[in-house]
Amino acid sequence: MTIKLKEQERLDDLQRNGLKIIQKTDGFCFGMDAVLLSGFAAVKPGEKVLDLGTGTGIIPLLLSAKTEGQHFSGLEIQEEVAEMAARSVALNGLEEKIKIVHGDIKEASRIFGAASFDVVVTNPPYMNDAHGLKNPNEGKAISRHEVLCTLEDVIREGTKVLKSGGRMYMVHRPHRLMEILGTMRAYKLEPKRMKFVHPYLDKEANMVLIEAVRGGGTWMKVEAPVVVYQAPGVYSEEIYQIYGY
């Protein structure tokens, strides 16, 4: 299918199952965190998945290729970004499998209904008002800072849309880990699996991947870390596997 690109848009090859994605040349583009989350999230055959704050739609696209999930929904508050993600879905002929919805994370349970998904994935804004300077580009600021939603909004609505026993997968920054775990448990979302991500073997972690279960018991496994680079400019074997090379 041919999709006409708009001004300041480019087409990128995801190098998996022939998938391609439309991205802004001057906007927020997907990064390593989204790819890592798509590799960490476990989606079983027949499950329904919701991506909160889907942005370009990268996570539903990758999960549709990597898993046997039945259907993937992506919720995005920025109308122009949601429209662009929907065109990426159409470009790949995946309209029957992926639906992009323009809407607010804070309204997710109203939009989709309570207990309507088996899995929620989210790569939320990492920074609150206490962390870092906001990007002057509004789209990038919304993607990186808690401008339009907070961590609590994401966890509260993600929990509401999950079925009992459903799973949430999140990628975030380690400096907010205690806040994340505390908020999850406050909403009866029990952290079960965690994995730290290090840029190099001798560098401190700069990302954390978390799996939590709605109504799960108290027990958590900390898995072996992911090391992104084995040498400058050379990905580790695990990263190549996640990318599908």
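Residues are numbered from 1 along each chain as its sequence is written. In this predicted model, local features need pLDDT of at least 70 and side-chain atom pairs count only at pLDDT 80 or more, while totals for chains, interfaces and linings use all residues; side-chain values use heavy atoms, without hydrogens and water.

Aspartate 51 lies in strand 3 (residues 48-52); strands are DSSP runs of E with at least two residues, and helices are runs of H or I with at least four, numbered from the N terminus. Aspartate 51 is buried, that is, under 20% relative accessible area, whereas exposed is over 50% and partly exposed in between (1.4 Å probe, protein chains only). Its side chain makes a polar contact of 2.7 Å with the side chain of threonine 54 (N or O atoms within 3.5 Å, one able to donate a hydrogen and the other to accept it; residues adjacent in sequence count only if both atoms are side-chain atoms).

There are zero disulfides, a disulfide being a pair of cysteine sulfur atoms within 2.5 Å. The sulfur of cysteine 29 is too far for a bond from the closest cysteine sulfur, that of cysteine 149.

| Cysteine | Relative accessible area | Nearest cysteine sulfur |
|---|---|---|
| Cysteine 29, partly exposed | 22% | cysteine 149, 20 Å |
| Cysteine 149, buried | 10% | cysteine 29, 20 Å |

In helix 7 (residues 177-186), Leu177, Ile180, Leu181, Thr183 and Met184 are buried. These fall within an arc of 165° seen down the axis, so they line one face of the helix; the arc is taken over directions from the helix axis to the C-beta atoms. Met178 and Ala186 are exposed on the other side.

Conventions. Lys and Arg count as positive and Asp and Glu as negative; His and the chain ends are not counted. A salt bridge is a side-chain nitrogen of Lys or Arg within 4 Å of a carboxyl oxygen of Asp or Glu.
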